[in-house]
Amino acid sequence: MTTEVFLHHVHLVTNDMAGTCEFYIKHFGGEIVFDGAIDGDRNVFMTIGKGRIHFFESKSVPPQDRNAFHHLGMMVEDLPAFVRGLREAWVPVTDLVETPGGGFAMTAAPDNVKIELFQVKDARSRAFFMDAA
């Protein structure tokens, strides 16, 4: 793989967005940098120091035997090329989903860890995903 890739965020599922955000803001100094719909679902992006947590709002309560972890978000600079490289290595990857300002695809690591591969092309959208230079 020659395209740049880096671990961007951990994505958690919540059915109490207000309570979840309040907890991370109050106890860890979290700062909401995005609150809006992506692919039709509410997502909140929060920075905590130099790290990031993304929250996905679900109306269903996760089963008690499962935690709120949903996926790792890996930001890549050339999503089609990265996906092509994984497929050439026989790694299963979903079709690309175009979103305003970019797109994403999903794959899985050992132990069935979901990985979101995403690219943000739109300069305005990149402000929510990139550290200030």
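Modeller: With surface: accessible areas come from the Shrake-Rupley method with a 1.4 Å probe, and for residues only the protein chains shown count as cover. Here the accessible surface of the chain is about 8,300 Å², and 56% of that belongs to carbon and sulfur atoms. This is a predicted model, in which local features need pLDDT of at least 70 and side-chain atom pairs count only at pLDDT 80 or more, while totals for chains, interfaces and linings use all residues. Residues are numbered from 1 along each chain as its sequence is written, and side-chain values use heavy atoms, with hydrogens and water left out.

Colleague: How many helices and strands does the chain have?

Modeller: Helices (H or I, at least four residues) and strands (E, at least two) are DSSP runs, numbered from the N terminus. The chain has three helices and eight strands, in the order β-α-β-β-β-β-α-β-β-β-α.

Colleague: Is histidine 71 buried or exposed?

Modeller: Buried means under 20% relative accessible area, exposed over 50%, partly exposed in between (1.4 Å probe, protein chains only). Histidine 71 has 4%, so it is buried. Histidine 71 belongs to strand 5 (residues 69-76).

Colleague: Which residues make up the largest nonpolar core?

Modeller: A nonpolar core is a set of buried Ala, Val, Leu, Ile, Met, Phe, Trp, Tyr and Cys residues joined through side-chain atoms within 4.5 Å. The largest has 10 residues: Met74, Val76, Leu79, Phe82, Val83, Leu86, Val93, Ala105, Ile115 and Leu117. Helix 2 gives the most to this core, four residues.
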